[in-house]
Each structure stands twice: as structure tokens, then as C-alpha cells.
Amino acid sequence: MTKALLLKQPEKMMNIMEWITVCRSDDIVESLGVGALVAGRQVAVFKVEGKFYAIDNFDPFSRANVLSRGLVGDLKGELVVASPIYKQHFSLKTGHCLEDESVSVTAYAVRVQGGLVQVALNSSVEQAA
């Protein structure tokens with residue numbers, strides 16, 4: 001587990017980025033997703049054209065953890081996953097639903113270090129005065 005500190009608000013808050021290893025990069029098949037348990041949250045991780053993306057696995061419309069099983073594609077120039085239940089499309093970059101802009105899922109930063117896919121969890125902490 002690797003941690004990096006990023007200054008969020010210089011006067012009081014710091015943003016801590018914690019990287020959690022979820023699998024090897026070659027464990028994920030191109031244009032398919034996998035579900036991973038990251039600090040108690042189900043996260044869907046995708047590899048598209050060699051680049052990795054991660055969003056919540058929870059589909060807010062069907063209320064099921066299924067987004068990792070959705071179809072990946074391009075809709076109106078946006079890289080998306082279609083929920084396998086009701087077919088809403090969620091951006092792999094932002095987590096926003098293309099059919100209902102009031103709905104979104106969390107999108108996570110992803111990196112590959114030493115052949116391992118890592119998902120970032122952020123948390124804010126008070127900075128000592």
C-alpha cells in the first residue's frame with residue numbers, strides 16, 4: 001500500500017491518496033471489467049485500449065453491484081460502460097450517467113506500478129496548525 005500527500009486546502013486540510021493494489025495488469029482482459037473489493041467498497045475496474053479505469057460497481061438504478069459486468073463502448077464520444085440490467089451508460093472517466101445527469105457513481109484514479117493495478121482512495125485530514 002502506497003500513500004501520497006496532496007495539498008487540498010493549504011490552510012487547514014490535506015488530501016491523502018491511498019493506493020490499493022487490486023490485481024496484476026494482465027489479469028484484466030481488454031474491454032472487459034472485473035469487480036474488486038477496495039477498502040470495503042465494490043469497485044469495477046476496466047482496461048480499454050491499454051488504459052485502466054475504475055468506478056463504483058454499484059448500479060444506482062438496479063441497486064445491484066453489476067457494473068463490472070457491463071458492456072464497454074463509446075457513446076457520443078464518451079467512453080462508457082452500459083449497466084447489464086437497465087442499460088444506463090456511465091462514463092468511465094467521470095462516473096456520470098449519460099441518460100440522467102442527476103445520477104453518478106464514484107470514479108477513482110487508477111495507476112499501474114510494477115505491473116500491478118492500483119486504485120486510489122482519497123480521504124481528507126485536518127492539518128496541524
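These legends accompany several close-up views of a predicted model.

Local features here need pLDDT of at least 70 and side-chain atom pairs count only at pLDDT 80 or more, while totals for chains, interfaces and linings use all residues. Residues are numbered from 1 along each chain as its sequence is written, and side-chain values use heavy atoms, leaving out hydrogens and water.

**View 1. Welcome to a chain of strands.** The protein chain has 0 helices and 13 strands (DSSP runs numbered from the N terminus: helices are H or I of at least four residues, strands are E of at least two). Of its 129 residues, 39% count as buried (buried means under 20% relative accessible area, exposed over 50%, partly exposed in between, with a 1.4 Å probe and protein chains only).

**View 2. Meet an open sheet.** Its 4 strands run in the order β3-β4-β5-β11, with antiparallel pairing (two strands pair if DSSP finds at least two bridges between them). At the edges stand β3 (33–38) and β11 (107–108), each with a single partner strand, so one side of each has no neighbour in the sheet. Strand β5 (residues 51–56) pairs with β11 over 2 bridges, and Ala54 sits opposite Tyr108 in β11.

**View 3. Here are two Phe rings.** The whole structure holds 1 aromatic pair (rings of Phe, Tyr and Trp, the last by its six-membered ring, with centres within 6.5 Å; planes under 30 degrees apart are stacked, over 60 edge-to-face, the rest tilted). Phe61 and Phe90 have ring centres 6.2 Å apart and planes at 45 degrees, so the pair is tilted. Phe61 lies in the loop between β6 (58–59) and β7 (64–65), and Phe90 in strand β10 (residues 89–91), 29 residues apart. Phe61 is partly exposed at 28% relative accessible area, whereas Phe90 is buried at 0%.
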